[in-house]
Structures are given as structure tokens and as C-alpha cells.
Amino acid sequence: MTNVKMKVNGKEVSREVPDETLLSEFLREQLRLTGTHIGCDTSQCGACAVHVNGKVVKACTALAVSLDGADVTTIEGLANGELHPMQVAFNDNHGLQCGFCTPGMIMAGVDMVNRYKAEGRDLTSDAIRHELEGNICRCTGYHNIVKSIEDAAAKM
Ligand code: FES
Ligand code: FES
């Protein structure tokens with residue numbers, strides 16, 4: 001067991017956890033932040049995507065103890081009083097069907113927009129499709145997901 005301290009969605013948290021605890025388990029089971037979904041056991045689906053120190057990470061691929069002191073944002077922490085532009089865009093463009101992949105898609109979308117803007121690069125629909133290769137939507141809603149991210153990119 002190891003004591004892990006992190007900042008999650010702006011709040012300091014501290015828990016004693018088994019060393020093998022994944023970040024996804026830490027968020028869901030210790031903190032009850034169940035918006036971070038677990039959709040596979042192979043690190044392929046991206047439903048568990050969160051931001052760690054400002055960059056998108058698959059929470060099922062990181063051990064909680066390796067992130068002591070990290071700054072983590074989950075889908076629950078993205079809205080700041082009002083919905084984040086990426087959340088609004090998914091709603092406006094029908095970017096979600098069952099919603100299972102949506103938290104991971106949104107966290108990945110925010111990361112890619114931030115990254116492309118910081119690098120002064122154009123986030124084209126082809127680039128969005130390429131960037132989303134680590135996120136699987138089983139409802140096959142990719143067309144509207146790409147539209148949603150393009151829409152949000154214009155407003156972020
Ligand atoms: S649950 Fe993490 S990639 Fe599928
Ligand atoms: S909206 Fe259902 S899995 Fe993507």
C-alpha cells in the first residue's frame with residue numbers, strides 16, 4: 001500500500017491504495033468519479049482518457065502511485081460553472097449516441113485542440129480523424145464526433 005496525493009479537478013486528494021491500482025480505478029473506485037469509463041482491457045478504446053499535467057493520458061495505462069503530486073482533470077472537472085465549448089459542441093453536433101465513449105472523446109478533443117493551437121497548426125478534419133485513432137466509438141458516430149471537434153476548435 002502506498003499513500004498517493006494528487007490534485008484532481010482542482011482539489012487535493014490523498015488515499016492509501018494498493019501499488020497495482022490503475023489511475024482509472026483510483027478515479028472511479030476511490031474518488032467515485034465514474035465519468036472516466038473503462039471500455040477495454042487492452043488500452044485501445046480511449047474511454048478512460050483524462051488529462052494529467054495538461055496532457056491527455058489513458059487512465060487505464062498509468063499506475064496511481066506513479067502519479068503522486070500530479071494534476072489530473074477528468075470529465076467532471078472540465079465544465080467550469082458552465083459546459084466547456086467541447087461539451088457544447090458534442091451536444092450541438094450530435095457527437096454522442098449512447099455516450100459511453102464520449103468522456104474520452106471530449107478529453108482527447110480538448111487536448112488536440114490545445115496542442116494544435118499551441119503549435120500554430122491547422123486542425124483539419126483529416127488531422128482530427130488521425131488524432132482519434134486511439135479512441136473507439138462502438139456506436140460508429142465518428143462523422144459527428146469529427147464535426148463536434150471542428151466546431152469546438154473554432155470556439156476555443
Ligand atoms: S479503458 Fe483505457 S483504453 Fe480502454
Ligand atoms: S456514442 Fe456510443 S460508443 Fe460512442
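Here is a friendly walk through this predicted model, point by point.

1. **Ground rules.** Because the model is predicted, local features need pLDDT of at least 70 and side-chain atom pairs count only at pLDDT 80 or more, while totals for chains, interfaces and linings use all residues. Residues are numbered from 1 along each chain as its sequence is written, chains are lettered from A and ligands numbered from 1 in the order in which they are written, and side-chain values use heavy atoms, with hydrogens and water left out.

2. **The largest core.** Let's start inside. The largest nonpolar core has 25 residues. Such a core is a set of buried Ala, Val, Leu, Ile, Met, Phe, Trp, Tyr and Cys residues joined through side-chain atoms within 4.5 Å. "Buried" means under 20% relative accessible area, "exposed" means over 50%, and "partly exposed" lies in between, using a 1.4 Å probe and protein chains only. Met86, Leu123, Leu132, Ile145 and Ile149 have the most contacts inside this core. Helix 2 (75-78), helix 3 (85-92), helix 4 (102-118), helix 5 (125-131) and helix 6 (142-155) each give two or more residues to the core. Helix 4 gives the most, with eight residues. Helices (H or I, at least four residues) and strands (E, at least two) are DSSP runs, numbered from the N terminus. As background, in soluble globular proteins nonpolar side chains tend to be buried together.

3. **A second core.** There is also a separate core of 20 residues, which includes Val4, Cys48, Val52 and Cys60.

4. **Ile149 and Gly109.** Which residues does Ile149 touch, leaving aside those up to four places away in sequence? They are Met86, Phe90, Gly109, Met112, Val113, Leu123, Ile128 and Leu132. A contact here means heavy atoms within 4.5 Å. Gly109 is found in helix 4, and it counts as buried because its relative accessible area is 0%. With residues up to four places away in sequence not counted, Gly109 touches Met86 and Ile149. Its C-alpha atom is separated by 13 Å from that of Lys58, 51 residues apart along the chain.

5. **Asp111, also in helix 4.** Asp111 has its place in helix 4. Is Asp111 buried or exposed? At 7% relative accessibility, Asp111 counts as buried. Its contacts, again not counting residues up to four places away in sequence, are His51, Gly54, Lys55 and Val56.

6. Strand 1 (residues 2-8) and strand 2 (residues 11-17) run antiparallel and are joined by seven bridges. Two strands pair if DSSP finds at least two bridges between them. Lys5 stands opposite Ser14 in strand 2. Two residues lie between the strands of this hairpin, where Asn9 takes a positive phi near 50°.

7. Strand 3 (49-52) pairs with strand 4 (residues 55-58) in the antiparallel sense over four bridges. Ala49 has Lys58 in strand 4 as its bridge partner. This hairpin has two residues between its strands, and Asn53 there takes a positive phi near 50°.

8. Now look at the loop between helix 1 (23-30) and strand 3, where Thr36 is found. Thr36 counts as buried because its relative accessibility is 2%. Not counting residues up to four places away in sequence, Thr36 touches Leu27, Arg28, Ala47, Cys48, Val50, Ala59, Thr74, Ile75 and Glu76. Asp41 is found in this loop, and at 76% relative accessibility Asp41 counts as exposed. The C-alpha atoms of Asp41 and Asn53, twelve residues apart along the chain, are separated by 24 Å.

9. Arg32 is found in the loop between helix 1 and strand 3. The phi of Arg32 is near 60°, a positive value in a residue other than glycine, and Arg32 is exposed, with a relative accessible area of 59%. Ser43 is found in the loop between helix 1 and strand 3, has a positive phi of about 60° although it is not a glycine, and is partly exposed at 29%.
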